[in-house]
Amino acid sequence: MVHRSSSLRRVLAAVTLTAAAAAVALSGCGAAASPSTGAAPNADRAAAAEGVSPDVNLEQCGKATRTVKHDLGTTTITGNPVKVVALEYSFVDALVAVGMSPVGVADDDQPKRIIAALRDKVGEYKSVGLRATPNIQVITALKPDLIVADSGRHKAIYAQLSKIAPTIAYPSLNGNYQQVLDSEMSTAIALNKCDEMKTRLAEHAKLMTDLKAKAPAGESRKALFVRASEKGFTGFPPKGYTPGVLSVIGIQSSLPDDSGDASVSLTLETLVANKPDVMFIAANEGPTLRDQWTKSPLWKEIPAVKNNATFDVDPNEWSRSRGLIASEVVAQEAVKLLYGK
């Protein structure tokens, strides 16, 4: 049997939990709203989401006014945010996971990049431009109650965003699987949707456990997840988001776990030396470096190529989305491709 990852152990603890309290309707959000005087629906359940890291502010669950810690500071949110702007696809995922949809999304002006598992539930929204450089004027015009930003990409404009609406920031572009779970729970706290997210995390844990059970006994192949472009072939180490998802269902990475880098640029020679048994390749549209490499005898020396275990996968689902629901899409497809189940 493959050793169970610490991320999955923590998530599995959530399976035994029940989230039955309904959300109390609070008027407004942000500093101008008046806090409710009623009892908080789930403020006494600070330990009820063990799938997330200890520093996620679970003690804030259900409070009328919540102080949410995040990568760029702390933000106070009052009431129930309704008009939310998501500046990364993973934050769209977090909203959908608790039954909400954003009013604005930084979608790179390419709405089809929102994966099918989310698209129908997202509904209509206003594009706020590029994820790297969202349009401040468009965001302002939407008059959001809450903005969810990437703590790396949007650090320079965090002060501007915070003047528009309460803003929380988490790693998405370079976030790993555990950070995805944490950011989705933290976003749910900000939205006053703790119970809904705890229930969703329990469902997620069960699904991932069921998917792992589909691997045959003794599965020991090592997999490499890569992004292929015209000029690059980029591998993602075990600490990366997609390898983290794969490890939860028992598929370990072929790259070493001794690098702090979010990604690794591969040459054909280093790829051959890595000897992946399986390759999941998320290629950009048009010609990629792989097209050149397949003409080389070295390409045929790679175990994944020899054993016909190279799989083309959707970069939107496997790389760009990086959310809770997206991770389930990745895990389900990986199991189907490897085991036909």
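Which residue takes a positive phi just after α2? That residue is Gly99, with a phi of about 80°. Let's take a tour of this predicted model, starting with the chain as a whole and then turning to a few of its parts.

## The chain as a whole

The protein chain has 13 helices and 13 strands. It holds 341 residues, and 54% of them count as buried. Its accessible surface comes to about 14900 Å², and carbon and sulfur atoms contribute 52% of that area.

The contacts tell us about separation along the sequence. Among contacts in the protein chain with a separation of 6 or more, 67% are between residues 24 or more positions apart.

## Helix α2

Helix α2 covers residues 89–97, and nine of the nine are buried, so this helix is largely enclosed by the rest of the structure. If you'd like to find them in the viewer, the buried residues are Tyr89, Ser90, Phe91, Val92, Asp93, Ala94, Leu95, Val96 and Ala97. Just after the helix comes Gly99, the glycine with the positive phi from our opening question.

Asp107 sits in the loop between β4 (104–105) and α3 (116–122).

What does Asp107 contact, then, leaving aside its neighbours within four places in sequence? Its partners are Tyr89, Tyr125, Ser127 and Gly129.

## Aromatic pairs

How many aromatic pairs does a search of the whole structure find? The search finds six. Ring pairs also join Phe225, Phe236, Phe280, Phe311 and Trp318 into a cluster.

## Helix α13

Helix α13 runs over residues 324–339, 16 residues in total, and at 1.5 Å a residue it should span 22 Å. The C-alpha atoms at its ends are 23 Å apart, which agrees with that expectation.

Burial is a theme here too: 12 of the 16 residues of α13 are buried, so the helix is largely enclosed by the rest of the structure. Among them are Leu324, Ile325, Ala326, Val329, Val330, Leu338 and Tyr339, and the buried set also includes Ser327 and Glu328. Just after α13, Gly340 takes a positive phi of about 70°.

How values were computed
Residues numbered from 1 in each chain as written. Predicted model: local features only at pLDDT ≥ 70, side-chain atom pairs only at ≥ 80, totals over all residues. Heavy atoms only, no water. Helix = DSSP H or I, 4+ residues; strand = E, 2+ residues; numbered from the N terminus. Expected span 1.5 Å × (residues − 1). Buried < 20%, exposed > 50% of the residue type's maximum accessible area, 1.4 Å probe, protein only. Contact = heavy atoms within 4.5 Å. Phe/Tyr/Trp six-rings, centres within 6.5 Å; stacked < 30°, edge-to-face > 60°. Areas by Shrake-Rupley, 256 points an atom, 1.4 Å probe, with all protein chains shown as cover.
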